[in-house]
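Work through the exercises below with the sequence and the model side by side, and try each task before reading its solution.

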Amino acid sequence: MERKMISWPEPGRAKFIPQKNCWTCGEDQLVRVHQACFDLAEYSGQDPGLAAYSGQQFWLQRCRSCGFAQPEALPALPNFFDRLYDQRWADAWMEQEFNSRCKDAIFHTILDELAKRVPRTERTLLDIGAHVGRFLDRARQSGWRAEGIELNPRTAAFAARKTQLPVHQVNAQRLVLEEKQYAAVTLIDVLEHIPDPVQTLITIRKLLLAGGWVAVKVPCGRNQLRKEHVRALFRKRHRISVADNLVHVSHFSPTSLRRALRAAGFSRVFLTVGAPELGTAESGAVRANLSNLFRLGVYRMARFLPWGVRSPLALNLQAYAQNPSACARA
Ligand SMILES: [Zn+2]
């Protein structure tokens with residue numbers, strides 16, 4: 001794949017590397033679907049190199065072959081994504097996140113599905129992107145011997161302190177070198193934040209025992225963009241921000257998620273409509289309850305419809321895939 005340095009609109013200020021081929025299927029027929037921008041001014045004191053991207057715009061492009069969407073170029077700034085996620089969270093915010101039940105429906109669905117696939121006596125689990133550790137805590141309560149990976153030093157330390165479980169502040173490749181292996185690896189709202197996701201999945205496979213399972217939860221890229229366009233119809237000032245700052249950099253379709261898992265060597269790939277994140281009562285109990293009723297209604301209807309994950313109502317995707325055999329570690 002040719003990767004040539006380019007820069008726009010101000011040469012020398014913030015450079016990009018064009019991405020010509022689809023990260024999940026390799027095809028080069030990509031069409032522009034959404035324009036997004038960078039606003040990283042909040043990093044101006046902490047990381048001026050990162051903040052220099054503020055004001056730049058870029059297109060999200062969708063692959064005609066598999067429906068995956070990715071940016072037409074990536075920032076050339078070394079370790080861009082590590083620097084983006086180096087937020088200095090306050091303790092009070094992390095405590096609030098740990099106690100939040102917003103994602104419990106997602107967590108419990110995934111633990112239930114993994115429990116169907118992994119015998120009770122073999123339940124070891126690695127959660128990639130453990131954040132403040134709530135999922136690790138839920139997993140332990142469900143009988144799993146759980147560990148996490150979390151790169152943000154503040155959330156990693158908080159999660160380890162709160163759960164008293166191992167939370168590794170290293171990337172997955174480092175654990176491969178340490179010959180760690182688990183019966184299950186979870187990627188919950190993580191893969192959409194990582195460019196070139198097949199490479200990540202190849203590494204994840206090396207962390208699984210032969211016969212082990214990976215569980216992936218991601219937003220469904222196309223349907224999230226549709227939802228945002230519908231919102232914008234009703235709210236004049238609503239900004240469609242599905243890719244701003246490249247916080248979401250990999251936008252999956254059902255086909256591309258299946259292809260990415262297969263390309264990484266997984267077998268027995270099962271796809272289903274993902275459970276929604278639910279709101280809290282911060283914006284008012286009545287409003288939150290109505291919003292949650294709507295989200296759960298959309299989720300259940302998407303599961304009920306015969307075309308399931310291919311329904312426009314499938315706003316999130318969950319996948320389970322098996323590692324068929326022991327992998328070479330190198
Ligand atoms: Zn593709």
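**Exercise 1.** How many bridges join strand E12 to E13, and do the two run parallel or antiparallel?

*Solution.* The structure is a predicted model, in which local features need pLDDT of at least 70, side-chain atom pairs count only at pLDDT 80 or more, and totals for chains, interfaces and linings use all residues. Residues are numbered from 1 along each chain as its sequence is written, and side-chain values use heavy atoms, with hydrogens and water left out. Helices (H or I, at least four residues) and strands (E, at least two) are DSSP runs numbered from the N terminus, and two strands pair if DSSP finds at least two bridges between them. Strand E12 (residues 267-273) is joined to E13 by five bridges, and the two run antiparallel; within this pairing, Val-273 has Leu-317 of E13 as its bridge partner. Strand E11 (residues 208-219) also runs antiparallel to E13, through seven bridges, and here Lys-217 stands opposite Gln-318.

**Exercise 2.** Why is strand E13 described as largely enclosed by the rest of the structure?

*Solution.* Begin with the cut-offs: buried means under 20% relative accessible area, exposed over 50%, and partly exposed in between, with a 1.4 Å probe and protein chains only. Seven of the seven residues of E13 (residues 316-322) are buried, so the strand is largely enclosed by the rest of the structure. Next, consider the two directions: in a regular strand the side chains alternate between the two faces of the sheet. Asn-316, Gln-318, Tyr-320 and Gln-322 point one way from E13, while Leu-317, Ala-319 and Ala-321 point the other way, and all are buried.

**Exercise 3.** What is the strand order of the open sheet of three strands, and which are its edge strands?

*Solution.* The order is E3-E4-E5, with antiparallel pairing. Strand E3 (30-37) and strand E5 (69-71) are the edge strands, since each pairs on one side only. E3 and strand E4 (residues 57-63) pair over seven bridges in the antiparallel sense, with Cys-37 standing opposite Gln-57.

**Exercise 4.** Which element gives the largest share of the lining of the largest cavity?

*Solution.* On a 1 Å grid over the protein atoms alone, a cavity is a set of points where a 1.4 Å probe fits but cannot get out, and lining residues have an atom within 4 Å of a point. A search of the whole structure finds one cavity of 30 Å³ or more. The residues that line the largest cavity include Leu-60, Arg-62, Gly-221, Arg-222 and Leu-225. The elements giving two or more residues are E4 and helix H9 (221-234), and the largest share, three residues, comes from H9.

Technical notes. 1 Å grid on protein atoms, 1.4 Å probe; cavity = no way out; pocket = protein on both sides within 12 Å on 5 of 7 lines; lining within 4 Å. Points joined across faces, edges and corners; volume = space filled by probe spheres on them.
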